[in-house]
Amino acid sequence: MIDQTYFDLRMTYQQFGQKLTISISELAKFWSISTKQVKRRLRAYEEQKLLHYYPGQGRGHLTQIIFQSSFRDEVIMEMKQAIVTEDTITIFYLLKLSVPASWLASFRGNLTNFLGIQTYSENKRVLRQLATRPITTLDPVQVAIRREYQLVLQLGIH
């Protein structure tokens with residue numbers, strides 16, 4: 001399972017590359033936790049060999065974080081692992097990240113197979129939607145749930 005707090009940090013500060021100089025209070029605000037919890041979290045990430053953490057010494061001295069791998073490599077590695085373990089939560093989380101499409105382009109075939117997407121040579125319109133709960137009805141007269149109402153509209157049953 002992916003550590004989304006770590007990837008949120010990488011995503012937000014990716015413009016700094018592999019070296020980030022930041023205050024602990026800024027990270028506390030970013031993660032909405034205390035400065036003590038930030039230090040614990042950074043030490044845990046250091047134990048996991050995700051980064052090197054150099055705390056700022058004294059007032060006004062910023063903390064330095066040096067990430068072990070490039071963000072691109074981490075995203076690719078996590079996607080590979082998620083596909084192998086069929087971890088849909090991680091796959092969809094990674095697909096939502098604002099990363100260049102080229103980073104995940106090599107996974108297009110794997111994702112197509114994994115999600116069961118089929119391509120047709122004929123000119124057909126196909127509606128695919130992931131649902132996490134059963135659909136009770138698609139009868140336009142009896143639809144009472146907004147999600148099912150939207151499906152009825154998309155299917156043109158009304």
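**Figure 1. The surface and overall make-up of the chain.** The chain of this predicted model exposes about 10,900 Å², of which carbon and sulfur atoms supply 51%; accessible areas come from the Shrake-Rupley method with a 1.4 Å probe, and for residues only the protein chains shown count as cover. Helices (H or I, at least four residues) and strands (E, at least two) are DSSP runs, numbered from the N terminus.

Residues are numbered from 1 along each chain as its sequence is written, and side-chain values use heavy atoms, with hydrogens and water left out. Because this is a predicted model, local features need pLDDT of at least 70 and side-chain atom pairs count only at pLDDT 80 or more, whereas totals for chains, interfaces and linings use all residues.

**Figure 2. The three-stranded sheet.** Three strands form an open sheet in the order β1-β3-β2, with antiparallel pairing; two strands pair if DSSP finds at least two bridges between them. The edge strands, each of which pairs on one side only, are β1 (19–22) and β2 (51–54). Four bridges join β1 to β3, and Lys19 stands opposite Ile66 in β3. Strand β3 (residues 63–67) also pairs with β2 over four bridges, where Leu51 stands opposite Phe67 and Tyr54 has Gln64 as its bridge partner.

**Figure 3. Helices packed on the sheet, and the two faces of β3.** Helix α2 (residues 24–31) packs on the sheet and touches β1, β2 and β3, its direction making about 100° with that of β1; contact means heavy atoms within 4.5 Å. Helix α3 (residues 35–47) also packs on the sheet, touching β2 and β3, and its direction makes about 140° with that of β2. Axes are lines fitted to C-alpha atoms, for helices over the stretch in contact, and angles run from 0 to 180 degrees between N-to-C directions. In a regular strand the side chains alternate between the two faces of the sheet. In β3 the covered face holds Thr63, Ile65 and Phe67, and the uncovered one holds Gln64 and Ile66.

Figure 4. Ile135 lies in the loop between α7 (108–115) and α8 (146–155), and it is partly exposed, with a relative accessible area of 44%.

Conventions:
Buried < 20%, exposed > 50% of the residue type's maximum accessible area, 1.4 Å probe, protein only.
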